[in-house]
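Please read them with the sequence and the structure open beside you.

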Amino acid sequence: MEKRDKYKGAFKRFEEGKYTRSDFKQVNELFEADSEEELSEFLHDNWQSIPEGETKSPKLKRFIDQIHDGIFPAKPSTVKILLNYYQRVAAILMIPILLFAIHWFTVKEPQRAEAMATIVSPLGARTSFVLPDGSTGWLNSGSELTYPINFHHEREVKLVGEAFFHVKHQDGDKFHVRTNGLTVQVLGTQFDVSAYSANEKISVVLKEGSVQIFDKNDQAAYLMKPDERFDYNTQQNQAVISKVDATEFVLWTEGLLQFKGESLEDVMAKLSRWYNVDIEIHDSQLKKYNFRATFKDEQLDEILRMIALTTPMKYQIEERKPNQNGIYVKRKIIIEKK
Amino acid sequence: MDQPFNVEQLRRGDSRAFKQFFQYYGEKVFAFAFSYLKNETDAQEIVQEVFLKVWKNRQNLKVNTSLQAYLFTITFNAVKKTFLRRSKEQAFKHSLVDELDSETDVQDFENQYQLVIAKLELFIEEMPERRRQIFIARKKEGKPVKQIAEEMDISVKTIENQITEAMKYLKNRFGTELPEGLNLLVLFLDYDH
């Protein structure tokens with residue numbers, strides 16, 4: 001009987017969140033015990049003490065509504081709408097170059113041996129992908145996506161660069177996107193992750209559903225809602241959440257380049273990945289100049305000419321010459337003040 | 001019991017009835033799960049799992065007391081399963097604290113245990129990449145030193161040194177400093193439930 005009271009106290013403190021190490025050990029012990037009788041009794045006491053009633057937390061309320069909407073979808077035929085969407089995308093895009101590299105990691109311990117596959121979208125190309133679980137998406141230029149061949153058990157991919165994911169829902173099976181700094185966890189949804197290694201910034205934009213962001217210590221940091229953007233600065237370890245129109249952030253999957261008041265430096269970084277060229281801005285003031293425009297299936301020269309028309313910049317395209325090894329290097333573009 | 005939903009309608013799969021049912025029990029299931037799992041995401045997953053189960057099993061629902069009992073049973077099972085899974089993943093941290101505790105007396109490891117574990121996680125994260133890899137392979141994955149040496153193609157001596165250094169580092173950190181880099185953590189911990 002004495003022992004029982006000891007457990008009872010430990011459970012109470014543990015449940016309330018102020019517990020000692022021995023409290024934790026006792027709670028753990030009962031959870032691990034073969035007989036559920038005592039555990040069930042303590043937990044039932046706690047269950048009884050928590051009132052039911054209208055959910056007050058707005059965040060939880062939204063989450064619960066999402067579960068409800070998942071069971072009772074507002075749109076009658078999601079499948080059809082998505083199909084249409086991909087048909088459209090396929091029509092707009094140039095033929096993506098798909099490089100499929102499979103690395104077999106020979107690990108000595110057999111059960112740890114894990115074969116990994118990497119999808120690479122080279123500079124200047126956008127690549128669509130289908131993962132073994134049926135999840136699909138687009139990989140933006142200069143990006144890499146790595147995943148285990150044996151994908152069904154733990155759905156986890158590693159991303160360097162930008163990708164748009166349409167994750168297939170699997171009962172209770174989460175899907176993780178790891179980047180160098182943050183991890184995004186989802187059940188089934190559509191979202192965009194941008195985590196280029198050269199940038200200090202990692203952005204996640206959520207189109208549908210909900211995703212959980214984890215910080216680099218794998219602590220839950222934020223639960224995102226649709227049309228939100230989560231910007232994380234890896235240098236400063238700070239995050240900013242803003243309201244956005246998510247469709248604008250996935251335009252690249254349709255071959256559209258859109259700039260909405262981004263700095264010329266960011267614009268040029270994007271262009272250099274998109275068209276696989278080196279761009280140098282030789283003026284620090286110009287770098288900060290804000291620029292807005294949308295381009296679709298435009299040649300790089302045409303885009304540069306349009307930017308030059310509306311901003312105080314001029315540009316010069318260096319001729320492509322072979323280097324001393326006889327190899328043609330990337331085209332280089334120099335940008336200066338007018 | 002004054003329930004704002006109708007079990008008959010639940011059985012028929014009525015959308016409105018389920019909405020009310022979810023809102024009526026959502027916070028309870030969440031709070032219950034959170035009190036053991038101490039993690040918002042895990043607690044939400046429990047809510048989702050439990051509600052989906054109720055939905056799938058809607059045709060067998062009965063009125064009043066047995067509905068509550070049924071809800072408790074499935075929540076209990078879901079929480080227990082997740083608790084045990086997490087506990088297995090985290091076991092090495094608790095053994096580490098035991099080990100540190102027996103070798104140092106600079107910090108009280110007994111009280112505020114949740115904070116102790118949170119600190120430990122941060123300190124491991126702070127280690128240089130290679131040392132952390134070795135440390136995790138040994139302490140978390142429990143691999144023999146010889147095997148790690150073979151896999152990483154370095155000497156047994158180096159592995160042993162790295163682990164000694166790692167333990168020394170943990171002792172020092174626990175002894176001297178408050179955790180830094182908690183910004184993000186603190187920033188988002190104000191969960192409004």
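Which residues are linked with A:Arg21 in a network of salt bridges? The points below begin with that question, after two sentences on conventions. The model is predicted, so that local features need pLDDT of at least 70 and side-chain atom pairs count only at pLDDT 80 or more, whereas totals for chains, interfaces and linings use all residues. Residues are numbered from 1 along each chain as its sequence is written, chains are lettered from A and ligands numbered from 1 in the order in which they are written, and side-chain values use heavy atoms, with hydrogens and water left out.

1. The network of salt bridges joins A:Arg21 to A:Lys25, B:Asp98, B:Asp101 and B:Glu110, where a salt bridge is a side-chain nitrogen of Lys or Arg within 4 Å of a carboxyl oxygen of Asp or Glu. One of its links is the pair of B:Asp98 and A:Lys25, whose closest N and O atoms are 2.7 Å apart.

2. Across the interface of chain B and chain A the rule finds nine salt bridges, while the count over all chains comes to 33. Another pair that crosses between the chains is A:Glu36 with B:Lys80, at 2.9 Å from N to O; A:Glu36 is in the loop between α2 (21-32) and α3 (37-49) of chain A, and B:Lys80 is in helix α4 of chain B (helices are DSSP runs of H or I with at least four residues, strands runs of E with at least two, numbered from the N terminus). B:Lys80 counts as buried because its relative accessibility is 12%, whereas A:Glu36, at 35%, counts as partly exposed (buried means under 20% relative accessible area, exposed over 50%, and partly exposed in between, with a 1.4 Å probe and protein chains only).

3. The size of an interface is often given as the accessible area lost when the parts come together. Chain B and chain A bury about 6,200 Å² between them, with 57% of it on carbon and sulfur atoms (the accessible area, with a 1.4 Å probe, that two parts lose on being put together, summed over both). The contact, meaning heavy atoms within 4.5 Å, takes 69 residues from chain B and 68 residues from chain A.

4. B:Asn111 lies in the loop between α4 (65-103) and α5 (113-126) of chain B. Its relative accessibility is 40%, and B:Asn111 therefore counts as partly exposed. Once neighbours within four places in sequence are left aside, B:Asn111 is in contact with A:Tyr19, A:Thr20 and B:Val116.

5. Salt bridges within a chain deserve a look as well. B:Arg173 counts as buried because its relative accessibility is 6%, while B:Glu126, with a relative accessible area of 32%, is partly exposed.

6. In chain A, the closest N and O atoms of A:Arg305 and A:Glu302 are 2.6 Å apart in a salt bridge. Both residues lie in helix α9 (residues 300-310) of chain A, three residues apart, or about one turn of the helix. A:Arg305 is partly exposed at 44% relative accessibility, and A:Glu302 is partly exposed at 27%.

7. As for chain A as a whole, there are nine helices and 19 strands, and buried residues make up 46% of its 338 residues.
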